[in-house]
Amino acid sequence: MNKPCASMQHVDHMDGWELLPLSPRALNQDQDPQVSPLSLEQGRRSPADFRALWKKAIHQQILLIRMEKENQRLEEASRDELHIRKMKLDYQEVCPCSKEVQALWDRKLSSPCRTKVQWDKEEIHSAVCQGVPKSRRGEVWLLLSQQYRLHHRLPQRQQPPETPYQDLLKQLTAQQHSILVDLGRTFPTHQYFSAQLGAGQLSLYNLLKAYSLLDTEVGYCQGISFVAGLLLLHMSEEQAFDTLKFLMYDLSIRRQYRPDMISLQIQMYQLSRLLHDYHRNLYTHLEEHEICPSLYAAPWFLTLFASQFPLGFVARIFDLLFVQGTEVIFKVALCLLSSHEGEILECDCFESIVDYLKSTIPTLTHSQMEEMITQAIEMDISKQLHAYEVEYHVLQDELADAPPPLEDSDRLDKLEKANAQLKKQNMDLLEKLQSARLKIQTLESSVESFLSRESKMKHLIRSLEQEKASYQKTIERMRSSLPSDAMTDVEMTQLKSSTNGKAKETACKKP
């Protein structure tokens, strides 16, 4: 009994410094020369003490196993998160920033007062123009939106409701069907969104659903899904929701998604006026073929170029959007059209021009995309856009107040005459159609009668063949019943008749 007590005395001294051994017999008096007989006597333990020590050792081992499993789970989650992040940012960067610019953004993002202190606008604009690191683009967008709100405070009546994102997710939306239909159409080739009802599509659904409930006037409109999808590639759901609210309300992009879409009509007019003032030949060419900006540029504005152009190019446009506002959309659109002006002028019909605008222009090379961004940064059209918007409203007011011109009555007369001629032509075509149908019916009845006669003739032929076969059998039976000498006389008679017939034929043939 002394040795176990000595070992337990040793264990008791180590209790606060390291794990207990798996067995009280793990240590003995021979292993610890410092244990004295006095300590052995003082360290006697009861069976209850042994059980308590065993429980403590087992408890510590269980904690170690749990910690090991938890560490393993965290490592797996970290690997999954790294994989998803890599999947999200799987696009080619346009205008990559240098190490100096990356260090600049690192300093700005690590600043403790970035959400409370207003920074110099020119400094921020210059930093964005130099580039934004792809790995921290989402953080930069959040920083830019925070700085914008510090400089520009929306009036209370224009601010969005303050409903938390998680509360919105618990509600039902009337736009559910439209959102679900567009999930598979949003970035269908991107790995993060391609899996049906995968992590990407579920996050996109949550974001679109929450915004449709927040902004009841807009609800959901085609095009918002691409904007929301691009935000989700760079940040979490709640961050993307806050950034989407910033784009919609603070930058007033939501106006183009309203049911009346008046803002989109104004934008199309402004783009047309820009072409008229800056690229007159291209404007004239498009007008001659009756190609208005809404035929090709409406998706550019509604999706902020995200539905047709490479992701790296669109992400760079978003960088500028946070510091320049919606003006950058016009600048990029104008640069795209002007850079392809020669090729568009060579297209000589409506179909070829529209096909070039919709299919060829979005297939930009990497150098072309960088050139477009550089040109857009250097361009300034803010005054022109404001003037064109005022001009649009003035024209609309004049058209609403002015009486209908005399030309409208002449045009109406021409349309009525053309309509009368078309009706007459339609009646003539109907008469021809009716006569053609009668001829078809007559021919069909004739075909049916011919088919009936053919069937009867076939039936008659079959009956005649059967009758012939029966006659042949009768002749064979009659021949078999005649004597042999009679058969010889019959054959001779047949031979003579056939010889006489041939002689007659020969005589007839001679001249």
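Trainee: How many salt bridges does the structure hold?

Mentor: Side chains of opposite charge can pair when their charged atoms come close. A salt bridge here is a side-chain nitrogen of Lys or Arg within 4 Å of a carboxyl oxygen of Asp or Glu, and the structure holds 15 salt bridges. Keep in mind that this is a predicted model, where local features need pLDDT of at least 70, side-chain atom pairs count only at pLDDT 80 or more, and totals for chains, interfaces and linings use all residues. Residues are numbered from 1 along each chain as its sequence is written, and side-chain values use heavy atoms, leaving out hydrogens and water.

Trainee: Which residue forms a salt bridge with Glu93?

Mentor: That's Arg137, with the closest N and O atoms 3.2 Å apart. Glu93 sits in the loop between α3 (47-88) and α4 (99-109) and Arg137 in helix α6 (residues 137-151), so the pair ties together parts 44 residues apart in sequence. Helices are DSSP runs (H or I, at least four residues), numbered from the N terminus.

Trainee: Is Arg137 buried or exposed?

Mentor: Buried, at 0% relative accessibility. The cut-offs are under 20% relative accessible area for buried, over 50% for exposed, and partly exposed in between (1.4 Å probe, protein chains only).

Trainee: What does the side chain of Asp319 meet in a salt bridge?

Mentor: Arg137 again, at 2.8 Å, N to O. Asp319 is in helix α16 (residues 311-324), 182 residues apart from Arg137. Salt bridges that share partners join Glu93, Arg137, Arg316 and Asp319 into one network.

Terms used:
Helices (H or I, at least four residues) and strands (E, at least two) are DSSP runs, numbered from the N terminus.
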